[in-house]
Structure formats: structure tokens, C-alpha cells
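Hi everyone, thanks for making time today. I'd like to walk you through a structure that is new to this group, so please have a look at the screen.

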Amino acid sequence: MEAALAEAHKAMGLGEVPVGAVVVREGSILGTAGNAVLTSQDPTAHAEILALRMAAQRLGNYRLTGCVLVVTLEPCLMCVGAALHARVEGIVFAARDPKAGCLVSQMHPMDLPWANHRFWVRHGILADPCSALLSSFFHQRRLQRRGSEARS
């Protein structure tokens, strides 16, 4: 999770929502990424998607059996879908996302009858620093928005 948190800090430095992800197998990190939606102008450039892509390219296989996706924020529906298709073994996430999280907050993908793969989920690892980073980012963004509105 510390490596994912480092990626989140990098993303924040680029003005992105500070979410970081890593893909791990047998103790080795195969893919790392932070959010890059704004910098790449790509709505699919979530940290999880980019880390899964990197791991798949490194392994030469889109199926990431035996891999664990580690992410600083509960993944959204798109990212959970990608993890299902990649056949990850499990997902570990730090902070819950009560608005868009699709592992425990808004939905439970393992309850979907059509899902042809199952993975385990763990959460709460380094939740406090990951939540604090996100809260700080959005607090700063609100302050900047208010400041620009006041100047208008």
C-alpha cells in the first residue's frame, strides 16, 4: 500500500485526483500508476486501469492470475470490471469511496450472478493517510474554486 500511496502523491503533484495503484504477484510489483485522467485526456486512465495494463504488458498476458491489485481508494465500477476481466486473485484498498466505490460501498460485485470470476477483497490498510490525502486535495480544490469565483 505504501507504493500505491507514493503513486497517489505523484498524481496529486500533476493535479490529478490522488489515487494510486500497484499490481503485485509473489511479492514483486508488476505495475504501478497514479490517476492520469486529466493529463492524458482519457476518462479510462484511472490508476487501477493503468497499473493493470502495465502488469499485463510486463507479463505478456492480459490474465493476471495470482496477482493482487492494491489501491488507495475503493475502485469504481469500471475498475472492478477490469479486475474481473483480468482475473486478479484479490483487491486490497485503503479508503472507502461512499459515492462511487463498487467493492463494499455501493455494490458487491461478488454477488453478481453473471460474474465468471471471483476474487477476495480486503480494505482499511493505511486508510487514514490515504483518506487524509484525498480530503486535503479536495479541500484545496474547493479553496481554489472559491478564490477564482471571488475574482470574477
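**A first tour of the chain**

Let's start with the overall fold: the chain has five helices and five strands. Following the sequence, the order is α-β-β-α-α-β-α-β-β-α. The radius of gyration is 16 Å, close to the 15 Å that the globule rule gives for 152 residues, so the chain is as compact as a globular protein of that length. That radius is taken over C-alpha atoms, and the globule rule is 2.2 Å times the number of residues to the power 0.38.

A word on what you are looking at: this is a predicted model, where local features need pLDDT of at least 70 and side-chain atom pairs count only at pLDDT 80 or more, while totals for chains, interfaces and linings use all residues. Residues are numbered from 1 along each chain as its sequence is written, and side-chain values use heavy atoms, with hydrogens and water left out.

Along its principal axes, the C-alpha trace spans about 55 × 30 × 25 Å. Of the 152 residues, 42% are buried. Here buried means under 20% relative accessible area, exposed means over 50%, and partly exposed is in between, with a 1.4 Å probe and protein chains only.

Now let's zoom in on strand E1, residues 20–25, where we find Ala21. Ala21 is buried, at 0% relative accessibility. Which residues does Ala21 touch, not counting those up to four places away in sequence? Its partners include Ala4, Glu7, Gly31, Ala47, Leu69 and Val71, where contact means heavy atoms within 4.5 Å.

A search of the whole structure finds one, counting a side-chain nitrogen of Lys or Arg within 4 Å of a carboxyl oxygen of Asp or Glu. The side chains that meet in it are those of Glu7 and Lys10, at 3.1 Å, N to O. Both sit in helix H1 (residues 2–13), three residues apart, which puts about one helical turn between them. Glu7 is buried, with a relative accessible area of 12%, whereas Lys10 is exposed at 51%.

Next stop, His117, in the loop between strand E4 (90–95) and strand E5 (120–123). His117 is buried, with a relative accessible area of 15%. Its side chain reaches the backbone oxygen of Val88 at 2.7 Å. Beyond its neighbours within four places in sequence, His117 is in contact with Val88 as well as Leu84, Arg87 and Met110.

Finally, the cysteines. A disulfide is a covalent bond between the sulfur atoms of two cysteines. Our rule asks for a pair of cysteine sulfur atoms within 2.5 Å, and by that rule the count is zero.

Terms used:
Helix = DSSP H or I, 4+ residues; strand = E, 2+ residues; numbered from the N terminus. Polar contact = N/O pair within 3.5 Å; in protein donor to acceptor, adjacent residues only side chain to side chain.
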